[in-house]
Amino acid sequence: MSSSTAVPGQSPIAETAPQSLCALEPRVPADRLVGEMVPPPRFDSVRFDTYVPDPNQPSQTEAVEVLSSFAAGLGGAHATGSGKRRWFGGKKQAAPAGPRGVYLDGGYGVGKTHLLASLWHATPAAPSLKAFGTFVELTNLVGALGFQQTVQTLSGHRLLCIDEFELDDPGDTVLVSSLLSKLVEAGVALAATSNTLPGKLGEGRFAAADFLREIQGLSAHFRPLRIDGEDYRHRGLPEAPPPYSDEQVTRAAYATAGASLDDFPALLDHLARVHPSRYGALTDGITAVCLTDVQPVPDQSTALRLVVLADRLYDREVPVLASGLPFDRLFSDEMLNGGYRKKYFRAISRLTALARDAKGLVAQ
């Protein structure tokens with residue numbers, strides 16, 4: 001690409017060198033953690049009517065219908081109000097009998113987060129009365145505010161949506177289960193998705209029984225809602241583009257306003273020095289992530305940090321342009337067959353989607 005070549009979304013010559021994620025160490029105040037508990041930018045515009053069910057999977061159509069009714073049932077002064085008997089029967093001062101939440105049970109890529117965000121958007125309450133976040137973001141909130149302050153902060157909410165409930169972390173599972181128990185007592189409705197427990201991925205779906213067992217006393221408050229299907233990110237789409245050369249990636253980074261440019265091994269080292277709760281802030285203002293020399297991830301701790309970064313990039317729709325190995329070779333066979341394999345497959349799926357999004361950054 002010559003300096004005079006114009007590419008859509010690029011400046012012919014960048015006025016400044018690309019940013020480096022490795023040079024950033026953001027600090028995130030607690031009030032920002034609370035204020036950002038909304039669906040991520042990728043899901044700003046999703047609604048139930050923008051979810052496209054697979055015609056071969058009737059459970060997907062059923063899920064839209066059930067969740068639409070669930071959202072409509074959350075209107076009124078508070079979740080314990082008298083108008084919620086279908087979903088939340090009971091008296092105002094006591095935890096009501098029957099399901100107070102839904103658990104979306106399905107494999108990765110079937111659109112659970114789309115549906116969870118659509119539920120948040122459809123619930124008739126002000127944004128300040130609804131919260132949406134991943135399990136990791138919720139535990140980070142507890143860490144920042146303390147348990148009692150988090151309970152107080154969220155108790156007035158109509159709905160709490162938790163994406164990717166971490167069933168493979170027993171300590172945090174107990175912590176969040178205790179938090180949810182307090183919120184249920186306060187009348188907060190719940191909705192959740194979760195990751196897969198070790199040994200369950202081969203079933204092709206999440207195990208609702210495992211989820212309900214892990215959250216122990218909360219199980220009676222969830223109605224499992226199964227969603228079957230294939231990973232929509234690869235449904236009818238071409239294979240991920242092959243990696244580019246170091247020169248192509250570097251040229252694209254310099255030609256794209258707001259892009260970052262980092263050596264992949266150096267970025268992995270930097271992630272160890274930044275708390276995962278700050279990975280979202282790490283990408284503030286970044287329009288594209290350009291990586292050179294992508295290599296296999298060396299160990300599980302590093303791999304799990306990369307998974308969180310991949311989630312934040314995917315949430316924010318930040319394209320990823322890379323040289324080196326293709327993303328489906330990031331994780332070793334041992335990792336892909338281990339207890340965290342669900343997370344690794346999700347990261348591969350999401351990074352592949354972002355690699356497709358980055359094709360336009362390179363001159364054809």
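Reader: Which residues in helix 12 meet which residues in helix 14?

Author: This is a predicted model, in which local features need pLDDT of at least 70 and side-chain atom pairs count only at pLDDT 80 or more, while totals for chains, interfaces and linings use all residues. Residues are numbered from 1 along each chain as its sequence is written, and side-chain values use heavy atoms, with hydrogens and water left out. Helices are DSSP runs of H or I with at least four residues, strands are runs of E with at least two, and both are numbered from the N terminus; contact means heavy atoms within 4.5 Å. On the helix 12 side, Gln-300, Ala-303, Leu-304, Val-307, Ala-310, Asp-311, Leu-313, Tyr-314 and Asp-315 meet Lys-343, Tyr-344, Arg-346, Ala-347, Arg-350, Leu-351, Ala-353 and Leu-354 of helix 14. By class, this contact has 11 nonpolar, one polar and five charged residues, where Ala, Val, Leu, Ile, Met, Phe, Trp, Tyr, Cys and Pro count as nonpolar, Asp, Glu, Lys and Arg as charged, and the others, Gly among them, as polar.

Reader: At what angle do helix 12 and helix 14 pack, and how far apart are their axes?

Author: Two packed helices are described by the angle between their axes and the distance between the axes. Here helix 12 (residues 300–315) and helix 14 (residues 341–357) pack at about 45°, with axes 9 Å apart. That angle makes helix 12 oblique to helix 14, since angles under 35 degrees count as roughly parallel, over 145 as roughly antiparallel, 65 to 115 as roughly perpendicular and the rest as oblique.

Reader: How many disulfides does the structure hold?

Author: A disulfide is a covalent bond between the sulfur atoms of two cysteines. With a pair of cysteine sulfur atoms within 2.5 Å as the criterion, the structure holds zero disulfides. Buried means under 20% relative accessible area, exposed over 50%, and partly exposed in between, with a 1.4 Å probe and protein chains only. Cys-161 is therefore buried at 0%, whereas Cys-22, at 24%, counts as partly exposed.

Reader: Where is Asp-293 placed, and what is its phi?

Author: Asp-293 lies in strand 7 (residues 288–294), and its phi is near 60°, a positive value in a residue other than glycine. Asp-293 is partly exposed, because its relative accessibility is 31%.

Reader: Where is Glu-317 found?

Author: Glu-317 is found in the loop between helix 12 and strand 8 (320–324). Although not a glycine, Glu-317 has a positive phi of about 55°, and its relative accessible area of 42% makes it partly exposed.

Technical notes. Axes fitted to C-alpha atoms, helices over the stretch in contact; angles between N-to-C directions.
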